[in-house]
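Open the model in the viewer and keep the selection panel at hand. The stops below go from the whole chain to its parts.

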Amino acid sequence: MNMPRLTLTSPAKINLILNLLAPRDDGYHEVSFVMQTIALADTLTIEAAHPGSGIVFTCSDPTLSSSDNLVVQAFYRYFEAANQPEGDVRIHLEKRIPVQAGLGGGSSNAATALMGLQQFVEEPIPGQLVHQVAASLGSDVSFFLTGGTSLATGRGETITPLVFSHQLPPIPLLVVKPRHLGISTPKAFELLRAQGHYETVSVDPFLRGLPNFHNAESLDPYLHNDFEPIIFEQYPEVKAVADKLQELSVERPLLCGSGPTMAGFLRDPLLWQDYPNLPPAVVQAFPTDQFEVFLTHTATATNTSFLNSPVS
Ligand code: C5P
């Protein structure tokens, strides 16, 4: 270990397009997603621990601080892949991204841990191996190695960063999660599987339009999430958030991943000029005892060192 302390940003994501293709024999679905990191983020710190202490993990949310946490799993898998004994490392995760929210927080934390380790250890492992470890941790983890605007295919682990064609500029959005509702990804997929109906939307029009997306209006016609009908049906409180968002000054409310968080791009950002304070209409529609609300924006890729490595 050669670094005294590293502080890393671990962003959330939304799916601008979430398109589920056929179910596969291995229990997963073939997908076609356009994924986008947003500025809402957790912070991960990594520092050397006393010799012999092994991996010591703490989290601002004590319910997440067990060794099951994907961050800890990422550390173990990294050292295993590197064929190195586990280092003595202290990791702290400061959570801001809600959990079981559809915002990819756990996957992002795991990817950030892998990128942190690449900087932390004396002999980083090849980028391709990092991608393999990421994919083994979860379908969404690989995306966070690059972030920005990316196409995800396969079961979600095959990433084509769209950085070379175009990245979305920062577009403001409101993110709202019913505070006491969490939906696990397997549960959402189970609901969809039981329904047995898959609607396929091509991502091509989005990809062609990408250089022209500068604001909420231009993006709006392309947004799509296959989970919306089933999640709205099973969780009326999520549909209620969508309806309330529509009454505020946002474009088409969009389900984040498999929910229950909803996001709405701001139609007229100037109306929100007190940013980052929430306008009274938003506070009234989404009281903080019932909802977690974030005014944030789309974020471009920052982890460009991974753009040069093979991404599958
Ligand atoms: O890969 P991850 O562990 O995040 O996936 C959690 C669950 O979500 C899987 O066990 C599977 O049930 C479902 N899933 C799926 N198709 C995908 C990704 C996830 O069916 N492409």
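Domain bounds here come from an automatic or database domain assignment. The model is a predicted one: local features need pLDDT of at least 70, side-chain atom pairs count only at pLDDT 80 or more, and totals for chains, interfaces and linings use all residues. Residues are numbered from 1 along each chain as its sequence is written.

**Whole chain**

Colour the chain by pLDDT, the predictor's confidence in each residue, from 0 to 100. The mean pLDDT of the protein chain is 90, and 92% of its residues reach 70 or more. Then select 307-312, where the pLDDT is below 50; this stretch has twelve contacts in the model beyond near neighbours in sequence. A contact is a pair of residues whose C-beta atoms, placed from the backbone, lie within 7 Å.

Switch to the C-alpha trace, which spans about 55 × 40 × 40 Å along its principal axes. The radius of gyration is taken over C-alpha atoms, and the globule rule is 2.2 Å times the number of residues to the power 0.38. For 312 residues a compact globule would have a value near 20 Å, so the 19 Å of the protein chain agrees. Among contacts with a separation of 6 or more, 73% join residues 24 or more positions apart.

In cartoon view, the protein chain shows nine helices and eleven strands. Helices (H or I, at least four residues) and strands (E, at least two) are DSSP runs, numbered from the N terminus.

**Two domains**

Select 5-164 as domain 1 and 172-297 as domain 2. Their C-alpha centres lie 23 Å apart. Domain 1 puts 25 residues into the contact and domain 2 puts in 34. On the side of domain 1 that touches domain 2, strand 1 (5-23) and strand 2 (29-48) each supply at least two residues. Strand 1 gives the most to that side, with ten residues. The residues of this side of domain 1 divide into 18 nonpolar, seven polar and no charged. In this count Ala, Val, Leu, Ile, Met, Phe, Trp, Tyr, Cys and Pro are nonpolar, Asp, Glu, Lys and Arg are charged, and the others, Gly among them, are polar.

**The ligand**

To display the shell, select Gly27, Tyr28, His29, Val31, Gly138, Ser139, Asp140, Arg155, Gly156, Thr185, Pro186 and Phe189. A residue is near a molecule if its C-beta atom, placed from the backbone, lies within 6 Å of it. Strand 2 and helix 4 (185-195) are the elements that give two or more residues to the shell. Helix 4 gives the most, with three residues. The shell divides into four nonpolar, six polar and two charged residues.

Move to helix 3 (residues 127-137), where Val130, His131, Val133, Ala134, Ala135 and Leu137 are buried. Buried means 20 or more other C-beta atoms within 10 Å of the residue's own, exposed means 12 or fewer, and partly exposed is in between, with C-beta atoms placed from the backbone.

From Ala135, go to Ala49, which is 86 residues away in sequence and 28 Å away in space, C-alpha to C-alpha. Ala49 lies in the loop between strand 2 and strand 3 (55-59). Ala49 counts as partly exposed because it has 16 C-beta neighbours inside 10 Å. Not counting residues up to four places away in sequence, Ala49 touches Val56, Asp88, Val89 and Arg90.

Key: Two residues are in contact if their C-beta atoms, placed from the backbone, lie within 7 Å.
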